[in-house]
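Please walk through this structure with me, one part at a time. Keep the sequence and the 3D view side by side.

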Amino acid sequence: MTIKVLGTGCAKCKSLEEITRKAVEEKGVDAQVEKVEDIMQIMSFGVMTTPALVIDGKVAIKGRVPSIDEIKALL
């Protein structure tokens with residue numbers, strides 16, 4: 001599983017990355033978590049509001065920081 005956290009480095013983006021990594025660890029999922037800060041890459045997903053979470057190429061969440069339980073449910 002490939003998970004991308006899209007964000008330019010704001011506090012919410014960093015929070016989403018932390019929560020995502022924790023959810024992956026707690027759930028025991030074999031996933032690679034990658035932080036994407038390049039605006040052109042972010043826009044290539046059609047995301048205009050960050051932070052956003054992309055799981056296996058599909059935008060799952062955008063414009064907010066979800067709870068850890070919500071991320072676990074998506075995994």
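Ile 68 is partly exposed, with a relative accessible area of 24%. Here buried means under 20% relative accessible area, exposed means over 50%, and partly exposed lies in between (1.4 Å probe, protein chains only). Ile 68 belongs to helix α3, residues 68–74. Helices (H or I, at least four residues) and strands (E, at least two) are DSSP runs, numbered from the N terminus. Setting aside neighbours within four places in sequence, Ile 68 is in contact with Ile 19, Lys 22, Ala 23 and Glu 26. Contact means heavy atoms within 4.5 Å. Val 33 is 35 residues from Ile 68 in sequence and 15 Å from it in space, C-alpha to C-alpha.

A word on the source. This is a predicted model, in which local features need pLDDT of at least 70 and side-chain atom pairs count only at pLDDT 80 or more, while totals for chains, interfaces and linings use all residues. Residues are numbered from 1 along each chain as its sequence is written, and side-chain values use heavy atoms, with hydrogens and water left out.

Now turn to the sheet. Four strands form an open sheet with mixed pairing, in the order β2-β1-β3-β4. The strands β2 (32–36) and β4 (58–62) stand at the edges with a single partner strand each, so one side of each has no neighbour in the sheet. From one strand to the next, the twist averages 20°. Two strands pair if DSSP finds at least two bridges between them. Strand β1 (residues 2–6) pairs with β3 (residues 52–55) in the antiparallel sense, over four bridges. Ile 3 stands opposite Ile 55 in β3, and the β3 bridge partner of Val 5 is Leu 53.

Four bridges also join β3 to β4, and these strands run antiparallel. In β4, Lys 58 is the bridge partner of Ile 55. The hairpin of β3 and β4 has two residues between the strands, and Asp 56 in this hairpin takes a positive phi near 50°. Most residues other than glycine have a negative phi, and most peptide bonds are trans. A cis peptide bond joins Thr 50 and Pro 51, with omega about 5°. Pro 51 sits in the loop between α2 (39–44) and β3.

Which way do the side chains of β3 point? Ala 52 and Val 54 point one way, Leu 53 and Ile 55 the other way, and all are buried. In a regular strand the side chains alternate between the two faces of the sheet.

Helix α1 (residues 11–27) lies across β1, β2 and β3, and runs at about 160° to β1. Axes are lines fitted to C-alpha atoms, for helices over the stretch in contact, and angles run from 0 to 180 degrees between N-to-C directions.

Next comes the core. A nonpolar core is a set of buried Ala, Val, Leu, Ile, Met, Phe, Trp, Tyr and Cys residues joined through side-chain atoms within 4.5 Å. The largest one has eleven residues, including Ile 3, Val 5, Leu 16, Leu 53 and Ile 55. At least two residues of this core come from each of β1, α1 and β3. The largest share, three residues, is supplied by α1. A second, separate core of six residues includes Leu 6, Val 36, Ile 42 and Ala 52.

Last, the cysteines. Cys 13 is buried, at a relative accessible area of 0%, whereas Cys 10 is partly exposed, at 31%. The structure holds zero disulfides, a disulfide being a pair of cysteine sulfur atoms within 2.5 Å.
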